[in-house]
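Please keep the sequence and the structure in view while reading.

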Amino acid sequence: MSAPTVTRGQDTAPRSRGEQVASAPLLQRLAGSPWSFLLPFLLVYGAFLLWPLLRGFWLSFTDTALNGSGGAFVGLANYAEALGDPMMWNALGNTAFFTVISTVPLVLIALAMALLVHSGLPGQWLWRLSFFLPFLLPVATVALVWKFLYNQDFGLINQFIGFFGGEGVGWLSDTGVAMWSIALTTVWWTVGFNFLLYLAALQSIPDHLYEAAAIDGAGAWARLRSITLPQLRGTTVVVCVLQLLASLKVFDQIYLMTMGGPQDSTRSLLLYVYDVGFTGYRFGYSAAVSYLFLAIVVVISIVQLRLAARRRA
Amino acid sequence: MVQRSHDGAGPPGAARGQALLSRRRLLQGGLAGAGALALGGLLGGCGPAAGPGGSTVRYWSLFNGGDGALMERMLAEIAEQAPHLRVEPTVLAWGAPYYTKLAMASVGGRAPETGIMHLSRLAGYAPGGLLDPFDLGLLAEFGVGAEHFLPELWGRASHDGRHYAIPLDTHPLIVFYDTGTADRAGLLTSEGALRAFESPEDFVEASRELAEASGDNGVAFGHVNDDAQGWRVFFSLYSQTGAAMELPAGGPAVFDPDAALRVFTLLAEVFDGETSSNRLDYQTALAGFSSGRSGLLFCGEWELPYLRDAVPDLGVAPFPTLFEQPASYADSHSFVLPRQSDPDPERVRAAHEFVALMVRASLTWAEAGHVPAYQPVVESAAYRGLGPQTDYAASAENPALEPAAWFAGAGSDFQSDMGSVVQTALMGAGPEAAVDQLDRALSNWVARTNPTEESA
C-alpha cells in the first residue's frame with residue numbers, strides 16, 4: 001500500500017530531503033515490521049468489532065429507535081429501566097439456568113467420552129467420528145430434527161415412552177421441561193468439540209509418566225487421579241471457559257425450537273435483546289441490556305481465569 | 001419468470017445493468033429457476049430501462065410455499081398485461097424479520113417501490129413516517145378506488161387523512177373439519193355442511209362428540225410456542241362477545257375482563273387435555289388434523305392448499321359463532337409504498353399501476369384460500385365457482401381486525417405476549433390467572449412509548 005508512494009516521492013521530489021528522511025524510513029520500517037502483517041487484521045477488527053462495540057455503547061445511553069428516530073441522550077435511564085425490568089430478570093435467570101445445566105454435562109460427558117476413546121477402544125476412528133459428527137450439523141438441522149423427536153403428539157421419544165406404557169412428556173410445551181430439552185439437544189450437538197479438545201490433550205500426556213507409575217504399582221484409578229486429571233487441568237480450564245461463554249450466548253436453538261416459549265420459560269437474554277431491538281425497535285434499550293450482559297460475561301470470565309490461575313500456582 | 005418474459009420485450013440495447021447479478025437476484029432465482037433467470041438476464045437484456053417508457057418496480061413480499069407460487073403466477077400475468085412494467089420481486093421470510101428489514105430499508109431511504117404489509121402493522125409504520133401515502137387520483141386512473149373495498153378494511157388503511165395501504169386480501173381465521181368425522185359426530189346439516197352452534201356449551205358438547213368420532217382428539221388448536229395462533233383464536237371469540245378492546249397510546253387500555261374470562265373459560269373447557277389436547281403446537285395440530293386424528297381444526301384459511309391435498313373429505317366453514325355475534329380474527333395483506341428518500345415520479349406512477357393491476361388480478365390469489373379484498377372479484381361468477389373458498393368467504397364480512405396500536409399486528413411481540421396469556425389459561429394457572437395476566441400485559445403495552453415516533 002505504502003511502497004508506491006515512497007518511490008514516487010523519491011522520484012519527483014528529490015530535493016525535499018527533510019521530508020524524505022522523515023517519512024520514508026517510517027514507511028520502510030513499517031513495511032518490514034510485524035505491523036504490516038497485522039494491519040489487515042487490525043482494520044477488519046477495528047471496523048467490525050471495535051467500532052460497533054463503541055457505537056453500541058454510545059447507543060445504550062440514548063433512546064435511538066430502529067428507524068433512527070429519537071437518539072437523544074438519556075444517560076443511565078436505559079440501564080435503570082433494565083435493572084427494574086422483570087422480563088430482563090426472567091431472561092437472565094433462564095440464561096443462567098441453561099448455562100448451568102448445559103455446561104456441567106458438556107464438560108463431564110466430553111471428558112468421559114475422551115477417556116473412553118483414549119483407553120484403547122477398538123475402532124477408534126468410528127468413535128471419534130460419531131462423537132464429533134453432530135457438531136458439524138447446522139443449527140437449523142439440529143433444531144428441526146429434535147423438534148420432531150420432541151413432538152408431544154407424534155415425536156419418536158414419546159412414542160417410545162408410550163410403547164412401554166408411559167405418559168408422554170411435553171418436551172417443548174411444558175414450562176418445567178422445555179429448557180432441559182433444549183439443553184439436552186445442545187449437549188448432543190456440541191459435546192463433540194470439547195471431546196476433541198480433551199482427546200488431543202490426552203494424547204499429549206507423555207507415556208513415560210504412566211510407565212513410571214505402573215512401575216510404582218499405581219492402579220488404573222490412581223493413574224487417572226494422579227496423572228491424567230492433573231495433566232488435563234489446563235485443557236479443563238479452557239474447555240470450561242469456552243463452554244461457559246458459549247452457553248451464556250445461547251440463542252439459535254431456542255429461537256428455532258421454542259421462540260422463548262412456553263410462557264417465556266426458555267427466553268434467553270440474547271433472545272430478549274433481539275426481541276427488544278429488532279421486533280420492539282428499541283435499539284438504545286436493547287444496547288443497554290446487551291452491555292449489562294457483556295459486563296456479566298466479563299466478570300464471570302475474569303473470576304474463572306483467576307481461580308484457574310490460583311489453582312495452577 | 002416475470003423478468004424472463006420481459007427480456008424478450010426489452011430492446012437489445014438495454015443490456016446495461018443486468019450484469020449486476022446480485023445476491024438477492026440469485027436468491028430470487030432459486031425460486032424462479034436460477035439457471036433460467038441468470039441466463040435470461042445475461043442474454044436477453046433486462047436493464048433498468050426495459051422498454052420505451054418502461055419503469056422498474058421493486059416489490060418485496062413475504063409469500064413462500066403455495067402462496068409464493070401463486071404470487072409468481074400473478075406476476076407472470078401482470079407481465080403479459082403490462083409489458084412496460086419491469087417488476088423485480090424479492091421474497092423475504094415472513095414475520096418479525098420481514099418487518100425489521102422493511103423498516104430499515106425505509107429508514108435508509110432505499111426502500112423498494114412497493115411491498116406487502118399486514119394491515120394490522122400499519123399503525124406502527126404510517127405514523128412513524130416509514131411509508132409514503134398513495135395518490136388516490138393516480139390509483140383511480142388505473143381503476144381502483146374506495147368503492148371497491150369493504151369500508152371497514154379501507155378505513156383501516158388510512159392515517160391522518162391520508163391513505164397508506166391497498167388491501168389485496170382478507171385472511172380470516174376459519175375452521176377446517178373432516179366431513180366423515182363431523183358426520184359421525186352428528187354435526188352436519190342435511191346439506192352436508194357444519195351445523196351452527198347455539199351456545200358455548202353446545203360447542204363443548206360437540207367437541208366431546210368429535211373426540212369420540214375421531215377416536216383421538218376433538219378440536220385441534222396449535223398454540224404452544226407459536227407467536228400468533230393463541231391471539232387469533234382469543235381475539236375472534238372475544239370479539240364475538242361484543243366487548244371492545246382499545247389500546248390508546250399512553251393508556252389506559254380498554255378491555256372487558258368478564259368477556260375475557262368467558263372466552264378463557266370456554267377455551268379451557270374445550271381444550272381440557274382429555275377430549276381435545278391443550279398443548280399442541282402449530283405443526284402438530286396441522287399434522288394431527290390432516291392424519292385424521294382430530295375432527296376439527298382452528299386455523300387460518302391460508303392452510304387450505306395444503307389441507308385440500310392432505311384431507312380427502314375436507315370441509316371448511318367460517319369460524320363458528322359461539323357467543324353473541326359472528327366475528328373472526330382477520331388480517332389483510334396490503335400493498336404499501338415504503339418511504340424512499342428520493343422517489344422517482346416515474347417509478348411511483350409505475351408502482352401505483354402495478355398495485356392496481358395486482359389487486360384486480362386477485363382471483364388467482366383466491367386460489368391460495370385468501371378472500372380477495374377487491375369486491376368486483378368477490379362478486380364475480382368466477383370467484384363464486386371457486387369452491388370451497390366460497391364456503392367461508394362470509395368470514396371476511398365480519399373481520400375482527402385487531403386494535404390499531406403501534407405495537408400490535410402480525411409478527412409483533414404483542415401477539416406472542418397474548419399467546420402467552422392463552423397458554424396460561426390452557427396449560428398454566430387457568431382462566432382467572434389469564435385474565436390478570438391479560439390485564440397486566442395490556443397496561444404494560446399501552447404504557448410504552450412508540451420508539452419509532454419522533455417525540456415532540
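No salt bridges are found by the rule across the interface of domain 1 and domain 2 of chain B, a salt bridge being a side-chain nitrogen of Lys or Arg within 4 Å of a carboxyl oxygen of Asp or Glu. This is a predicted model, in which local features need pLDDT of at least 70 and side-chain atom pairs count only at pLDDT 80 or more, while totals for chains, interfaces and linings use all residues; side-chain values use heavy atoms, with hydrogens and water left out. Residues are numbered from 1 along each chain as its sequence is written, and chains are lettered from A and ligands numbered from 1 in the order in which they are written.

**The two domains of chain B**

- Domain 1 of chain B covers 55-170 + 332-394 and domain 2 covers 173-330 + 403-447; such bounds come from an automatic or database domain assignment.
- The centres of domain 1 and domain 2 of chain B, taken over C-alpha atoms, are 28 Å apart.
- Domain 1 of chain B brings 19 residues to the contact and domain 2 of chain B brings 20 residues, where contact means heavy atoms within 4.5 Å.
- About 1600 Å² is buried between domain 1 and domain 2 of chain B, with 62% of it from carbon and sulfur atoms; buried area is the accessible area (1.4 Å probe) that two parts lose on being put together, summed over both.
- On the domain 1 side, B:Trp94, B:Arg121 and B:Tyr392 lose the most area to domain 2 of chain B, together 29% of what that side buries.
- Four residue pairs (both at pLDDT 80 or more) are in polar contact between domain 1 and domain 2 of chain B. A polar contact is a pair of N or O atoms within 3.5 Å; within protein, one must be able to donate a hydrogen and the other to accept it, and residues adjacent in sequence count only if both atoms are side-chain atoms.
- Helix H5 (96-108) and helix H6 (122-125) of chain B are the elements that give two or more residues to the side of domain 1 that touches domain 2. Helices (H or I, at least four residues) and strands (E, at least two) are DSSP runs, numbered from the N terminus.

**The interface of chain B and chain A**

- 33 residues of chain B contact 28 residues of chain A.
- The two chains bury about 2400 Å² between them, and carbon and sulfur atoms account for 52% of it.
- The rule finds zero salt bridges between chain B and chain A, but seven residue pairs in polar contact (both at pLDDT 80 or more).
- The elements of chain B that give two or more residues to the side touching chain A are H5, strand S11 (280-281), helix H13 (282-290) and helix H19 (413-427). H5(B) gives the most, with seven residues.

**Annotated spans of chain A**

- UniProt, in an unreviewed entry, places "transmembrane region" at residues 35-54, 96-117, 129-149, 177-200 and 283-303 of chain A; its positions are given in the numbering used here, feature names are shortened, and annotations may be inferred rather than shown by experiment.
- Residues 129-149 of chain A are 90% helix and 0% strand, with end C-alpha atoms 23 Å apart.
- Residues 283-303 of chain A are 100% helix and 0% strand, with end C-alpha atoms 30 Å apart.

**Backbone exceptions**

- Most residues other than glycine have a negative phi, and most peptide bonds are trans.
- The bond from B:Gly251 to B:Pro252 is cis, with omega near -5 degrees, and B:Pro252 lies in the loop between helix H11 (229-240) and helix H12 (257-270) of chain B.
- The bond from B:Gly387 to B:Pro388 is also cis, with omega near -5 degrees.
- A:Tyr281 has a positive phi, near 65 degrees, and lies in the loop between helix H14 (269-279) and helix H15 (283-312) of chain A.
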